[in-house]
Amino acid sequence: GTGFIAQNLAMSGNYSAVFAFDVDWRQLEAARAAAEKAQLSPEDNFYLFRADAEYLPFLSGSLDFAWWGMGMHKVHNSGRALAEICAALRPGGKFVATTTSFFADPEELTTRVQEAGFSEVKVSLFEDRLRIQAE
């Protein structure tokens, strides 16, 4: 996406580094332009790169928090992507995501997130979106 949430996370000062990625070069270009406008760069520990959510470039247990905004319904294998995110999170790490309610119903999505390795999962419906919180 455009990296709006990642930029806000970086500007919050709550994280030592923020990584924002997309598989689509056009989205990355939009995110880069927005980051430049917000004056965010690697010197601010804000990193943009191209990656596939199903094959994350992070070591196991290396992340404290993961946000995935409106992308789960766009990947080929959401279960694999969720497992990659779960593996990259340290024990006690948090995961928050949104996706369209047309993608899955809350019960089905809860099961999918649990099968990916998350133990505490809450899925809530807000208008036409599902919000996922997991550890």
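**A residue in a loop, and outwards**

Author: This is a predicted model. G71 sits in the loop between β3 (63-69) and α3 (78-88).

Reader: And is G71 buried or exposed there?

Author: G71 counts as buried because its relative accessible area is 11%, and the cut-off for buried is under 20%.

Reader: How far is G71 from T100, going by the C-alpha atoms?

Author: The C-alpha atoms of G71 and T100 are separated by 8.8 Å, while the two residues are 29 residues apart along the chain.

Reader: Let's zoom out. How many helices and strands are there in the chain?

Author: The chain has four helices and six strands, and their order along the sequence is α-β-α-β-β-α-β-α-β-β. The radius of gyration is 15 Å, close to the 14 Å that the globule rule gives for 135 residues, so the chain is as compact as a globular protein of that length.

Reader: What does the C-alpha trace span along its principal axes?

Author: It spans about 40 × 30 × 25 Å along those axes. Of the 135 residues, 36% are buried, and the accessible surface of the chain comes to about 8,100 Å², with 51% of that belonging to carbon and sulfur atoms.

Reader: What share of the contacts with a separation of 6 or more comes from residues 24 or more positions apart?

Author: Such residues account for 68% of those contacts in the chain.

Reader: Charges next: how far apart are the mean positions of the positive and negative ones?

Author: The chain has 12 positive and 18 negative charges, and their mean positions are 3 Å apart.

Reader: Back to single residues, then. Where is D22, and what does it touch beyond its sequence neighbours?

Author: D22 lies in strand β1 (residues 18-22), and, not counting residues up to four places away in sequence, D22 touches G1, Q27, L28, F49, R50 and A51. With a relative accessible area of 15%, D22 is buried, and its C-alpha atom is separated by 25 Å from that of L125, which is 103 residues apart from D22 along the chain.

Reader: What about T110, where is it and what is it in contact with?

Author: T110 is placed in helix α4 (residues 106-115), and, leaving aside neighbours within four places in sequence, T110 is in contact with V121 and V123. T110 counts as buried because its relative accessibility is 19%, a value to be read against the cut-off of under 20%.

Reader: Where do N45 and E127 sit, and how exposed are they?

Author: N45 is in the loop between α2 (25-37) and β2 (46-50) and counts as partly exposed, at 32% relative accessibility. E127 is in the loop between β5 (121-126) and β6 (129-134), and at 67% relative accessibility E127 counts as exposed.

Notes: Residues are numbered from 1 along each chain as its sequence is written. This is a predicted model: local features need pLDDT of at least 70, side-chain atom pairs count only at pLDDT 80 or more; totals for chains, interfaces and linings use all residues. Side-chain values use heavy atoms; hydrogens and water are left out. Helices (H or I, at least four residues) and strands (E, at least two) are DSSP runs, numbered from the N terminus. The radius of gyration is taken over C-alpha atoms; the globule rule is 2.2 Å times the number of residues to the power 0.38. Buried means under 20% relative accessible area, exposed over 50%, partly exposed in between (1.4 Å probe, protein chains only). Contact means heavy atoms within 4.5 Å. Accessible areas come from the Shrake-Rupley method with a 1.4 Å probe; for residues, only the protein chains shown count as cover. Lys and Arg count as positive and Asp and Glu as negative; His and the chain ends are not counted. The place of a charge is taken as NZ of Lys, CZ of Arg, CG of Asp or CD of Glu.
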